[in-house]
Amino acid sequence: MDFELMINSFPKLLNATFITLKLLSASLFFGLFIGLLFAVLRLNKNPIINKFAYGYSYVFRGTPLLVQIFIIYFGLGQIEYLRSTILWVILKEPYWCAIIAFALNTGAYTSEILRSAFQTIKPGFIEAGKSLGISNKIIFYKIQIPIAIRQSLPAYGNEIILMLKGTSLASTVTLMDLTGVAKYIISTTFKPIEVFIVAGSIYLFMTFLIHNLIKFLEKKYSY
Amino acid sequence: MELLAFGKTGWGDELLIATLMTIAVSITAMLIGFLFALIFTPLKLSKNKFLNIVGNSYTTVIRGVPELLVIYLFFFGGSGAVMYVASIFGYNEYIEINAFITGSCAIGIISGAYSTEVFRGAIQSIDKGQFEASKVLGIKKNIQFYKVVLPQMLRLAIPNLSNVWQITLKDTSLISVTGLVEIMRQSYIAAGSTRDPLFFYSFAAVLYLLLTYFSMKLINRLEVKYSRGY
């Protein structure tokens with residue numbers, strides 16, 4: 001055991017943790033909107049819209065995240081047309097490519113979580129709202145969404161942890177996140193166990209925090 | 001389409017072999033995972049506090065740390081660890097472990113953590129009366145496990161194990177960083193030499209989709225088989 005290396009690498013890894021957290025929060029933020037949008041589309045009665053939303057979540061859940069990142073980072077740059085548009089400013093940055101891939105990926109999982117949450121809402125709640133003369137829009141925003149969020153909290157907590165682990169793939173597109181820096185230190189010092197212990201503990205600590213945060217929220221919003 | 005031709009002109013045969021490699025790694029990893037689950041599920045269910053902690057820390061650590069980090073640990077640390085063990089027995093030559101074994105072990109340990117959780121959940125949801133009844137009937141412990149617990153457990157575990165299979169299958173894409181030529185690595189090579197990454201990575205995505213689709217079909221059949229009588 002090389003304790004000196006462990007102590008020396010800790011600040012570097014901690015620095016990289018900020019990039020991991022930035023990637024995580026940005027992709028969760030966009031992913032939540034994508035998930036909500038596709039959950040609503042899934043519940044649409046129009047079969048075409050319905051199938052489209054299902055196809056989206058099927059494709060993104062059925063393929064590895066690594067493929068998705070590679071398609072966006074290496075693949076999209078190949079389309080000449082895209083290079084001439086304003087979108088290229090975003091797509092040439094590995095940072096944004098990673099966020100787009102993560103957001104689309106977590107969006108697919110979130111849409112499934114939210115869909116099942118919407119479906120488990122008792123029809124009585126919506127009927128009660130209707131009989132009180134509340135408009136459909138307000139029923140959706142004030143009744144369905146809060147209940148769905150509460151219902152989906154445990155599953156969404158798991159999704160956040162999966163996404164935290166998913167951000168490690170950013171290191172494959174040259175980003176120096178926690179895993180990226182860990183790999184760099186391992187490949188320069190050839191001390192994999194020490195670095196694994198430090199980086200792994202940081203990840204475990206974050207998982208622990210997320211786990212407890214979700215537990216706290218579940219308690220707060222239980223009814 | 002000529003990019004996918006078989007033979008020297010296209011990448012069809014290479015990708016086919018790579019797909020078989022992905023399947024081989026996934027199955028090996030899944031089996032290694034079962035082996036780990038076989039060891040750690042009893043530990044998690046044991047009444048001994050110490051064994052309990054050992055079992056719990058395995059599943060918590062592996063499920064809380066990114067797969068890629070575990071793979072790097074095995075990739076960089078694997079041959080070192082084996083050489084250390086070999087040096088105890090007096091063998092001091094350099095040993096290189098091939099990428100298939102390192103990769104399957106790394107993914108296997110990850111898959112094992114998920115399988116352990118599935119088995120634990122399945123055993124815990126078997127009615128207590130079943131254990132008591134078999135005890136009353138004087139059935140021996142190991143026969144009780146094979147004839148009473150296992151069949152019921154499998155029925156409950158198969159739907160969740162199909163999720164573990166999907167996770168394992170997708171995780172094998174990460175082994176490409178160690179240089180094992182599976183779907184992802186082969187696409188990377190093909191994309192590099194033809195300068196057509198969009199096509200090859202999309203094709204890789206299609207291959208993975210086909211794999212998940214057909215394996216789900218197969219598992220659904222198993223599910224029907226084991227839930228006969230319910």
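User: Which residues does Ile71(B) touch, not counting residues up to four places away in sequence?
Analyst: In this predicted model, residues up to four places away in sequence from Ile71(B) are left out of the count. What then remains in touch with Ile71(B) is Ala106(B), Leu174(B), Ile175(B), Val177(B) and Thr178(B).

User: Which element gives the most to the largest nonpolar core?
Analyst: The largest nonpolar core has 110 residues, and Ile71(B) is among those with the most contacts inside it, together with Ile69(A), Ala182(A), Val70(B) and Ala204(B). With 14 residues, the element that gives the most to this core is helix 6 (residues 94–120) of chain A.

User: What secondary structure does chain B have, and in what order do its elements run from the N terminus on?
Analyst: The secondary structure of chain B comes to eight helices and zero strands. From the N terminus on, the elements of chain B accordingly read α-α-α-α-α-α-α-α.

User: What share of the contacts in chain B with a separation of 6 or more comes from residues 24 or more positions apart?
Analyst: Chain B has 230 residues, of which 39% count as buried, and its C-alpha trace spans about 70 × 50 × 25 Å along the principal axes. Among contacts in chain B with a separation of 6 or more, the share from residues 24 or more positions apart is 72%.

User: How are helix 7 and helix 8 of chain B oriented to one another?
Analyst: The axes of helix 7 (residues 183–194) and helix 8 (residues 197–226) of chain B come within 8 Å and cross at roughly 165°. Because angles over 145 degrees fall into that class, helix 7 of chain B is, relative to helix 8 of chain B, roughly antiparallel.

User: How do the residues of the contact of helix 7 of chain B with helix 8 of chain B divide?
Analyst: Helix 7 of chain B passes helix 8 of chain B in a right-handed crossing. Helix 7 of chain B contributes residues including Ile183(B), Met184(B) and Ser187(B), while helix 8 of chain B contributes residues including Phe200(B), Ala204(B) and Leu207(B). The residues of this contact divide into 11 nonpolar, one polar and no charged.

User: How are helix 1 and helix 2 of chain B oriented, and what is the handedness of their crossing?
Analyst: The axes of helix 1 (residues 12–45) and helix 2 (residues 49–64) of chain B come within 7 Å and cross at roughly 125°, which makes helix 1 of chain B oblique to helix 2 of chain B. The contact involves Phe40(B), Leu43(B) and Lys44(B) of helix 1 of chain B, which meet residues of helix 2 of chain B including Leu51(B) and Tyr58(B). The crossing of these two helices of chain B is left-handed.

User: Is Arg195(B) buried or exposed?
Analyst: Arg195(B) is found in the loop between helix 7 and helix 8 of chain B, and it has a positive phi of about 55° although it is not a glycine. Since 12 or fewer other C-beta atoms within 10 Å is the cut-off for the class, Arg195(B), with 7 such atoms, is exposed.

User: Which element gives the most to the side of chain A that touches chain B?
Analyst: In the interface, 32 residues of chain A are in contact with 27 residues of chain B. Elements giving two or more residues to the side of chain A that touches chain B include helix 2 (47–62) and helix 9 (178–189) of chain A. With eight residues, the element that gives the most is helix 10 of chain A.

Conventions. Residues numbered from 1 in each chain as written. Chains lettered and ligands numbered in written order. Predicted model: local features only at pLDDT ≥ 70, side-chain atom pairs only at ≥ 80, totals over all residues. Core = buried A, V, L, I, M, F, W, Y, C linked by C-beta atoms within 7 Å. Buried ≥ 20, exposed ≤ 12 C-beta atoms within 10 Å, placed from the backbone. Helix = DSSP H or I, 4+ residues; strand = E, 2+ residues; numbered from the N terminus. Contact = placed C-beta atoms within 7 Å. Axes fitted to C-alpha atoms, helices over the stretch in contact; angles between N-to-C directions. Parallel < 35°, antiparallel > 145°, perpendicular 65-115°, else oblique. Left-handed = near helix turned anticlockwise from the far one by under 90°. Nonpolar A, V, L, I, M, F, W, Y, C, P; charged D, E, K, R; others polar.
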